[in-house]
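Biologist: Could you take a close look at one chain of this model for me, and then at its neighbours? I'd like one connected account.

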Amino acid sequence: MRTRAAIGHLAFLALLLGAWDAALRFGWADPTLLPHFATVLETLWRLLLDPDFRVHLGVTALEVLLAFVIAAPLAVSTGCILGEKLHFGRVVNPVLHFVLAIPQSIFLPIFILLFGIGISAKVIFGVTHAYFVIAVTTVAAVRSVPLPLVTAARAFGATPRQVYTRVYLPAMLPLVVTGLRIGMIFNIIGVLLAEMYGARFGVGHKILGWGESFDLPKLLAGILLVSVLTIVLNELMRAWELRAGRWRPATWQV
Amino acid sequence: MSRAARIRALGLIAFVVLWEAVAQLGLVSPILLAPPSEVVAALMTDGGVFLEGLALTVAEIGLAVALAWSLGIGFGLLAGSSGRSAEIIGPLLASLFAVPVIILYPLFIAWVGMGPGSKVLFGVISGFFPIALNTLSGLRQVDPDYATMSRAMGANGVQVFLKVYLLMALPAIISGLRIGTALVVIGVVVTEMLASLGGVGFLISYHRTLFDTGHVYLGITLALLVVLAVNWGLSRLERRFGGWRELQQAAG
Amino acid sequence: MSAGFIEVKGVSKTFTGHLAPVEALDRVSFSVAEGQFVSLVGPSGCGKSTLLQILAGLMESSHGEAHIAGECVSGPMPEKVGMVFQEALLLPWKTAAVNIGFPLELRGVPKPARRERAHALLSLVGMCDVADRYPHELSVGMRQRIAIARGLVHDPSVVLMDEPFAVLDEQTRVRMGQELLAIWQETRKTILFITHSLSEAIYLSDTVLVMGPRPGRILDVLETGLPRPRTPEMIGSEVFGRLRNRIWQLIGEAQP
């Protein structure tokens, strides 16, 4: 299964690079609009060496990290509380789902008006994106713990604290990690979007600028960098997810 | 009107009244919050322009949705038709889904310009992945016993595929369509806000730079109406075609 | 003087729900001597599981009380009581061996000691080669064996078993019954075995408590009088048939 996945990824890369090369070689594409892959790599390398760009990269990374560090604990605790308090949860949970359904991105202009174009605006935007997804998934995780297991633990003398640490937490963990992973994806999307919309720093801001000035090598280099970083981050979190959920039956997932 | 609908209608009216009150009382800066009355005023003065923008946005969304649905479902069906291809392509789609599509938008602008083409292209890519993934996984999760049973009753390959696999995968496909369509709609509106020559999103951004908050909220309201309308349409679709999933789960 | 090792006196339980209150148990009384293997048999819904939950300290009775080894039951008594449930209820994220050691883990017994005990019990139930497998990798029968091992690991004096073989097929049931008897002979625990299968109750135990439909009441206490060790041929014997019919009759008469 893992080898097939690897085959898929490699085949895709081969196809992509092959088509890219062919497009230039046979003159289907204009080199100003589609520079050679080698040029893009070289540009990326130079960007990574450029301290100015590294500042932008650092700002984005900082925003993503801050947003996640704020959102994740808040959302997980909210989810735990809502999941446990059945009655309270039943009232509030639909509200969470409702907010999740509203495209928060539409309110981006208001966000910018409220918080300006500094780092805090990006962080807050990322937080709101990640929070609801993680909270909703955590509620589902709490509810997924089979109650008979709790009964069995109590029969063997587990104290309430032991029930929590030895039954609930391990049972919930895989689903919570899934929520964290997807929350991170949403977080990154939110931060980049906000950077593109209104900012002076950040990778998103630079990418938009390169697009507007038709600097294709840098634009593609930026896209390549962000793609690789997000894919790697996602796969790392997915590896954690799989490890935590070793004991669950395999299912297809995003 | 049912009781729930009446409560919801009352809630909506209460919300609008509260909104007007808060804005009029100056509790929030007028730059941030425009009262409904101002929104209506904007509609009166520039209604035509906004409706034109709405039409453009809806057209972009419509085209993008049509393309995303056909490409997504088609690709998903192909990829999910065999276990082997699913195991090769599935993880690839899941990995690519993690990439924030928004960063591709400047590329599309460079290639296709700031007109509707770039929005449609972006919308299609936004919607493609969840639709394809859900179609693929929906197909894979069909219990092969159903196919065996149908073949035992004399169905040939095509019939088995259409009447068994497709039908049983339908709830998953529709769930993918819901997510994908939502992403298409948001994608189109957001990219219009970011860099565009027309459409509702463009008008929202444009009036923000002029601090015409009334117009901004008019645009947002129109955008939300589109989202709600699309959602409602999809709910009806789900109810019609995917409603028997609960029965399936109960039986299985 | 010494009451039974398990002593139940006038236990009643009424559930107050949204609609009318449900009387699950009606003045149930019986006693089980130490080292005995006693079955409790009754139709579905008669309150057997409720009674077991009360005995295990997981639920409070509305009236009456229960004693185990002289101590009044007011909550779970993990040192004296081990339980085996209808579904194995193993923790899915732990291996078989770790699952067996779970009651000891809750009590703070250090890891090496736990592992040793777990392996001892794995041999007892014949599951040594699956020590490091996860529950989802095991068959239902295997899981139930692990569950039985877990119920014994902390060396309780009393083992409460709630229809542990209900989800198994016939052949596995018979085999597990034999194994359980072998374990009982070796460890001489006091076992209260709940089942809805009349044959199983008669086959496994010396004493059968017959319970009637809701509200649960003890209709009669039957001594099986069958010699030990039990053999499968006994199931077809006349004595067996008579016992079965007697129980069947009792339950039938008690139906409303």
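Modeller: From the N terminus on, the elements of chain A run α-α-α-α-α-α-α-α-α-α. That makes ten helices and zero strands (DSSP runs numbered from the N terminus: H or I over at least four residues for helices, E over at least two for strands). This is a predicted model, where local features need pLDDT of at least 70 and side-chain atom pairs pLDDT 80 or more, while totals for chains, interfaces and linings use all residues. Residues are numbered from 1 along each chain as its sequence is written, and chains are lettered from A and ligands numbered from 1 in the order written.

The C-alpha trace of chain A spans about 75 × 50 × 30 Å along its principal axes. Take the contacts in chain A (C-beta atoms, placed from the backbone, within 7 Å) between residues at least 6 apart in sequence: 76% of them join residues at least 24 apart.

Now the neighbours. With chain B, the contact takes 41 residues from chain A and 40 residues from chain B. On the chain A side, α1 (2–25), α5 (108–115), α8, α9 (203–212) and α10 (216–244) each give two or more residues, and α10(A) gives the most, with nine. By class, that side splits into 31 nonpolar, eight polar and two charged residues (Ala, Val, Leu, Ile, Met, Phe, Trp, Tyr, Cys and Pro count as nonpolar, Asp, Glu, Lys and Arg as charged, the others, Gly among them, as polar).

With chain C, the contact takes 13 residues from chain A and 17 residues from chain C. Here the elements of chain A giving two or more residues are α7 (147–155) and α8 (160–197). α7(A) has the largest share, six residues. The chain A side facing chain C holds nine nonpolar, three polar and one charged residues.

What about chain C itself? Chain C has an open sheet of six strands, ordered β6-β7-β8-β3-β9-β10, with mixed pairing (strands pair if DSSP finds at least two bridges between them). β6 (81–84) and β10 (218–223) of chain C are at the edges with a single partner strand each, so one side of each has no neighbour in the sheet. Inside that order, β3 (residues 37–41) and β9 (residues 207–211) of chain C pair in the parallel sense over four bridges. Ser39(C), for one, has Val208(C) in β9(C) as its bridge partner.

Definitions and conventions
Contact = placed C-beta atoms within 7 Å.
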